[in-house]
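Please look through the sequence and the structure before reading on.

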Amino acid sequence: MNGKIPHQRIIFGLKIKQLRQDKGLSFAALAKATGMSVSYLNEIEKGKKFPKDDKITALAQALEADEKQLRSSEMGAKLAPVTELLQSNFLNELPLDLFGIELGKVAEIIANAPLRVGAFISTLLELSRSYALREENFFFAALRAYLELNNNYFENIEAAVEQFIKEHQLNTKRPLPPSRLADILENDFDYELIMGGLDEYPEMNGVRSVFLPKSRKLILNSTLPSMALAFQYGKEIGFQVLNLKERSYTSSILRPRIFEEVLNHAFATYFSVALHLPLQAFVRDMKSFFALERWDAKAFLQIMESYEASPEMFFHRLTNVIPRFFNMPKLFFLRFLHDPEKDHFEIDRELHLSRRHHPHGNAILEHYCRRWVSLSLLQDLGAMQQEGKYVSTIVRAQRSRFIGTEDEYLCITLARPGISENSRRVTTKNTGKHNVSVTLGLLINEDVKKQIKWLNDPAIQMREVNRTCERCAVTDCSERAIDPIVVKKKERLKAIDARLTKLNQE
C-alpha cells in the first residue's frame, strides 16, 4: 500500500481508530503496546501519516486484528459510503487549496465522526445518482464557485494580456485579424496550423479545433467565421503565455479528466476574451453607454459588433469589468437554451457575484417563469422564425421585480439563433433547432442608479417575475406554463396542520 495516496492513509487511519475504540484502548495504552508515540498514533488515525511495515505488524498484534485485512482498502458495511467517496477521484480532484481548505482537515472530520459522516456522504451520493450528477458537473460547479469567489476578475491574466500586446506591438484597434495571431502561433510558439483538417472526419462535426501536443499541430474546422477563428487562436496563445499544462485538446471540454483541466480552460478563455476586448477601451465604451439618456439596444449591439465579439465573449467581458470598474458587483449571468418546437428551456451556464441571486438553475425539472426577459425574448425569436423572418440578434432590457421580495434587477438580454460557439457540452439534441439567450442582471441599488443614467427610461419594460411556475402563487398569469404544484402542496400541508391543531384542542 502506498502511504502517499491520501485516501489510503485515511482508510487505514479510520480502521485503526475503529479497532482501538472497539477494544476500549486509550492512545496511551496503544502507544505502550506498540512502542509508538501518542502523537504519531494520533496522526495515523487522522490520515496524516502512514506507518511502515513493521509498525503495521505491531498495530495488528496490539489490536488483535488480521494484518492482511488491516492493509486492505476494504472497510465494513457501516463505512462503505466513506470508502466509496475516498476511493473515487473526488478526494484527489477536489480543488480544496483554491478555497483555503486543507485536505488534512477533511480527513480529520471523517476520522472524528465516521458513522455520521458516512451517513451524510451516502445521502450526497444517492442525490447525485438521482440527479445524474457526474464528475464533470462537479468540476464545472467548482469552477463557477471559484470564479464567483474572485468576482470573475483575474489581475494576473489582465497583466499577461497587456504584456503580450506590448511585446508583439499589436494594433490598439479591434478586431484583431486572425492572420496576425496565426503568425504569432507559428513563429513564437512553433505551431503548425491546418485549416480544414477536421472536415474529413464526420464524427468531429461541431468540434472547432484539435491541438496535437506532440506535433504541435492545431487542426481547425474550415467553417469557422473570422472572429471564431481569432478567438480559438487567442485561446491557444493563452495556454502558452500562461504556461497552462493540463488542458483539453479539443476547442471545448468534452469530458474533463481533472479539475485543473477545467480551470486552465477557463483561464485560457479569459485570456482570449481580454485580448479581443481590451480592458481600457472596453471600460471606456461601457461608460459611454451607461451615460446615455435613453436605453438604446442598437448602441449596445454596436459596441459588441465593433469588437466582432460573440454574445458569450461580450457578456463574459461585462462580468469582468462591471463589478471592478463600475462598483456594481451584485450581478448574475445566465445562458438559456430554447427548443422552439417543444418550448423547452434549459439553463446551461450561470454565474452569480456577491451572492446567490433569485434566477438560477435550481429547478431542473420545473418550468422557469416565462416573464423573465431571458425566456420571453427567446419566445419572440422563435415566433419570428416560424413566420419565416430572418433574425440574427434581438436585444431587450427589462426591470424585473421578484415576487415576495424587495429585489429588483435590471436585466439586459440578447437572443440569437444557434448553440453558442463556445458550448462546452456535447448533446444528443437537435442543436440546429435551438436558440440561445444570454442575460446580464444587475441588482438595482444606489450604485446602479448612480451609474446608469437611462435606468428609468419608460421604454424599459417592468415586470414582476418568479423562479418557476410550480412555485408561483400568482393566479392571473397569462404566461403560466403549468399549475403551481409546489404552492398547492404547501397549502394542503398547511391546511392539514391547521386541522390537526384544532382537533388537538377539542
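This is a predicted model: local features need pLDDT of at least 70, side-chain atom pairs count only at pLDDT 80 or more; totals for chains, interfaces and linings use all residues.

Residues are numbered from 1 along each chain as its sequence is written, and side-chain values use heavy atoms, with hydrogens and water left out.

**Aromatic rings**

- Rings of Phe, Tyr and Trp (its six-membered ring) pair if their centres lie within 6.5 Å, and planes under 30 degrees apart count as stacked, over 60 as edge-to-face and the rest as tilted; by this rule there are 31 aromatic pairs.
- Phe290 and Trp454 form a tilted pair, because their ring centres are 6.4 Å apart and their planes stand at 40°.
- Phe290 is buried at 2% relative accessible area, and Trp454 is buried at 0%, where buried means under 20%, exposed over 50% and partly exposed in between (1.4 Å probe, protein chains only).
- One aromatic cluster includes Phe290, Trp295, Tyr307 and Trp454.

**Charges over rings**

- A charge sits over a ring if NZ of Lys or CZ of Arg is within 6 Å of the ring centre and within 35 degrees of the ring normal.
- The charged end of Arg20 sits over the ring of Phe27, 4.0 Å from its centre, and that of Arg247 sits over the ring of Phe239, 3.9 Å from its centre.

**Ser209**

- Ser209 is buried, with a relative accessibility of 2%.
- Beyond its neighbours within four places in sequence, Ser209 is in contact (heavy atoms within 4.5 Å) with residues including Leu198, Gln232 and Tyr249.
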